[in-house]
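Keep the sequence and the model side by side while reading.

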Amino acid sequence: MTNEIIIAPSILAADFARLGEEVSAIDAAGADWIHCDVMDGHFVPNISFGADVIKALRPLTKKVFDVHLMIAPVDPYLEAFAKAGADVVTIHAEAGPHLDRSLQAIRALGMKAGVSLCPATPESAIEYVLDRLDLVLMMTVNPGFGGQSFLESQLEKIARIRTLIGERPIRLEVDGGVTRDNAAAVAAAGADALVAGSAVFRGKSSADYAGNIAAIRLAAEAGRVSKLQDSSAQPMRAEERALIR
């Protein structure tokens, strides 16, 4: 399955003194989703914002609110984020003991369900909940702070998760250190949704943000095309030839 590339600017990198204006600016600049990083100072070493802030921002855009909960526990707060207007809620596989139950709860509240994996967490953690998922969010930095550098070691893991997803209608999102310089490699590995914070919120205007979003999207699309061309150019393996005889 080949989905269009989604660019989801993270408002964690926005100017919090002008947060409403910043959301409107990235909407006008061509953002596909609005990525909201919720941090609790417990599961991750930082505190950002909660459901009330998302509720206040919701009337400013019709774009998908892609809410990434870096909190533990998660279950007591799911209803609040549903009422605030979240479209997709992603929880961490590491954040609680009953992942399957939490995913069912998210969908029961009318939201799409995602699971996020920290860099050290193997993809096997989601193997038995794949059919509960609409999205897998791969962390390519250690969660808790914006502006970190992309961990190159995670590219192979992105590719393994893409293989694990197979033909299921599940988005594969990558979050952490994504820029126009590495977006091609991220998309070539199999990601179809890219979160970018600092790389989008450079400059001061919607026009600046539009240029940044366009550059990341162009690089990602080029990486995908390059990967497809490489795949089609590879000689057919013996087992593949056997299937068409």
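The residues of the lining of the second largest pocket divide into 12 nonpolar, 11 polar and three charged. In this division Ala, Val, Leu, Ile, Met, Phe, Trp, Tyr, Cys and Pro count as nonpolar, Asp, Glu, Lys and Arg as charged, and the others, Gly among them, as polar. The model is a predicted one, in which local features need pLDDT of at least 70 and side-chain atom pairs count only at pLDDT 80 or more, while totals for chains, interfaces and linings use all residues. Residues are numbered from 1 along each chain as its sequence is written, and side-chain values use heavy atoms, with hydrogens and water left out.

The lining comprises 26 residues, and Gly146, Gly147, Asp175, Gly176 and Gly177 lie nearest the centre of the pocket. Strand S2 (33-39) and strand S8 (193-196) each contribute at least two lining residues. Strands here are DSSP runs of E with at least two residues, helices are runs of H or I with at least four, and both are numbered from the N terminus. The volume of this pocket is about 320 Å³. A pocket is an open set of points on a 1 Å grid over the protein atoms alone, where a 1.4 Å probe fits, with protein on both sides within 12 Å along at least five of seven lines; lining residues have an atom within 4 Å of a point. Points are joined across faces, edges and corners, and the volume is the space filled by probe spheres set on them.

His92 belongs to strand S4 (residues 88-92). Is this residue, His92, buried or exposed? His92 counts as buried because its relative accessibility is 2%; the limits are under 20% relative accessible area for buried and over 50% for exposed, with partly exposed in between (1.4 Å probe, protein chains only). Leaving aside residues up to four places away in sequence, His92 touches Phe43, His68, Leu69, Met70, Ser116, Cys118, Met139 and Pro143, where contact means heavy atoms within 4.5 Å. With Ser116 the side chain of His92 also makes a polar contact of 3.4 Å. Such a contact is a pair of N or O atoms within 3.5 Å; within protein, one must be able to donate a hydrogen and the other to accept it, and residues adjacent in sequence count only if both atoms are side-chain atoms.

Side chains of opposite charge can pair when their charged atoms come close. The structure holds 15 salt bridges, each a side-chain nitrogen of Lys or Arg within 4 Å of a carboxyl oxygen of Asp or Glu. One of them joins Arg18 and Glu22 at 3.5 Å, N to O. Arg18 is partly exposed at 30%, whereas Glu22 is buried at 3%.

Asp27 and Lys63 form another salt bridge, with the closest N and O atoms 3.1 Å apart. This pair links distant parts of the chain, 36 residues apart: Asp27 is in helix H1 (residues 19-28), and Lys63 is in the loop between helix H2 (51-57) and strand S3 (64-70). Between Arg132 and Asp100 the closest N and O atoms of the salt bridge are 3.0 Å apart.

Finally, Glu4, Arg162, Arg171 and Asp192 are linked in a network of salt bridges. Arg171 lies in strand S7 (residues 171-175) and is buried at 13% relative accessibility. A polar atom of the Arg171 side chain is 2.7 Å from the backbone oxygen of Glu4.
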